[in-house]
Amino acid sequence: VMNVVVMFIFAIIFFGIMQDAGLFEPIINKMIDLSGGNVVKVAVATVLIAIVGQLDGSGASTFLITIPALLPLYKRLNMNPYLLLLLIAGSAAIMNMVPWGGPLGRAASVLGMDPNELWQPLIPVQIVGLLLMVGLAVFLGFREKRRIEKEYGLVDGGIASESSSEANDEESIEAKNKETDSYGNSLERPKLIWVNLIIALAVIGVLVSGIIPSGFAFMIGVAVALLINYPNVTDQTARIRAHAPSALTMAGIILAAGLFLGVLTGSGMLDAIAEDFVTILPEGVTQYIHLIVGFLGIPFDMLLSTDAYYFALFPIIEQIASTVGVDSLSTAYAMIIGN
């Protein structure tokens with residue numbers, strides 16, 4: 001599982017540097033401004049902002065970026081904050097099917113393959129899913145607009161947008177002033193935003209093309225991003241130190257899972273569990289077991305945790321399904337998409 005480990009380490013550091021340099025914040029602020037206080041536009045913007053926020057594959061950072069930026073606007077427009085949560089979570093879930101996201105990396109480590117290879121057939125699924133999320137945002141936005149007009153009357157979108165923008169700017173400035181480089185300057189690099197955007201798009205483009213292994217692509221991305229944004233060695237070390245804990249935590253999980261699965265496979269336990277399950281399951285269920293478990297992906301994840309879902313349940317279901325000729329990739333995709 002070393003290829004997956006290397007990819008996770010450098011992907012987390014790479015997107016951490018991009019966030020430090022302020023790549024995502026101007027894009028998100030621009031989307032908020034374009035919404036203009038229109039309820040439907042705000043709902044659609046929420047989906048688009050969540051997509052940008054989830055580009056780094058980290059759910060925690062997505063919520064930390066999007067909710068402080070959008071919640072004041074939702075409150076000012078009397079929009080239901082649960083709608084904000086729904087649209088962010090749905091969009092982030094679809095975007096999370098990227099190689100450097102947790103689910104795909106975990107599934108790839110179980111199958112012993114490059115996450116990038118597992119991801120490429122999922123790109124059309126993600127595109128369709130995101131289009132459906134935009135459609136859902138439009139539908140729920142109109143419904144929310146009718147509810148607001150019924151309860152509160154018409155809303156002055158211009159005032160709402162301006163008020164939210166000011167609140168967001170104040171919060172953003174206050175948060176950014178806390179972190180500085182070795183010269184006492186902000187970590188943000190507004191003059192390099194286009195350079196950073198080109199670097200990020202280039203790395204993602206290389207991943208989509210599959211020219212080089214995903215871990216190597218992120219390794220090069222980290223090296224280039226550090227040199228351009230933080231040429232001082234002290235600052236480079238500080239950025240790596242800042243993001244290393246998250247990177248190494250995920251790496252440790254993948255390594256431990258690799259050892260666990262190695263014991264399960266090498267000892268024959270996995271085969272034995274699958275064979276016993278096949279004898280217990282009702283006739284005709286075995287060939288659809290991966291679809292059934294995938295359909296129940298969300299409740300299974302809540303009951304078991306993400307790690308247990310991919311490192312304990314997935315290997316067993318994959319082995320059971322393979323006994324009746326179901327391809328391992330079909331099982332993986334069913335469980336990833338359902339989850």
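I'm calling a residue buried under 20% relative accessible area, exposed over 50%, and partly exposed in between, using a 1.4 Å probe and protein chains only. This is a predicted model, where local features need pLDDT of at least 70 and side-chain atom pairs count only at pLDDT 80 or more, while totals for chains, interfaces and linings use all residues. Residues are numbered from 1 along each chain as its sequence is written, and side-chain values use heavy atoms, with hydrogens and water left out.

**Entry: Leu-281**

With a relative accessible area of 21%, Leu-281 comes out partly exposed. I found Leu-281 in the loop between helix H13 (269-280) and helix H14 (289-295); helices here are DSSP runs (H or I, at least four residues), numbered from the N terminus. Setting aside residues up to four places away in sequence, Leu-281 touches Thr-286, Ile-289 and Ile-320, where contact means heavy atoms within 4.5 Å.

**Entry: helix H5**

Next I checked the length of H5.

Which residues of H5 are buried? I noted Leu-83, Leu-84, Leu-87, Ile-88, Ser-91, Ala-92, Ile-94 and Met-95. Seen down the axis of H5, these buried residues fall within an arc of 160°, so they line one face of the helix. That arc is taken from the directions from the helix axis to the C-beta atoms. An α-helix has 3.6 residues a turn, so residues three or four places apart point the same way. The buried residues of H5 pack against helix H3 (39-53), helix H4 (59-76) and helix H8 (123-152).

Asn-78 lies in the loop between H4 and H5. I noticed that Asn-78 has a positive phi of about 60°, although it is not a glycine. Asn-78 counts as partly exposed, at 29% relative accessibility.

At the start of H5, a side-chain oxygen of Asn-80 comes to within 2.9 Å of the backbone nitrogen of Tyr-82. The backbone nitrogen of Asn-80 is itself reached by the side chain of Glu-144, at 2.7 Å. Glu-144 lies in helix H8 and is buried, with a relative accessible area of 8%. Leaving aside neighbours within four places in sequence, I listed Val-39, Asn-78, Met-79, Asn-80 and Leu-83 as contacts of Glu-144.

**Entry: helix H6**

How many of the 10 residues of H6 are buried? I got 8 for H6 (residues 102-111), so this helix is largely enclosed by the rest of the structure. Among the buried ones are Gly-102, Pro-103 and Arg-106. The cover over the buried residues of H6 includes helix H1 (2-20), helix H7 (115-119), H12, helix H16 (306-322) and helix H17 (328-338). Just after H6, Gly-112 has a positive phi of about 70°.

**Entry: Ala-247**

I then went to helix H12 (residues 233-266), which holds Ala-247. Ala-247 counts as buried at 1% relative accessibility. Not counting residues up to four places away in sequence, Ala-247 touches Ile-9, Ile-12 and Ile-13.

Notes: Helices (H or I, at least four residues) and strands (E, at least two) are DSSP runs, numbered from the N terminus. A polar contact is a pair of N or O atoms within 3.5 Å; within protein, one must be able to donate a hydrogen and the other to accept it, and residues adjacent in sequence count only if both atoms are side-chain atoms.
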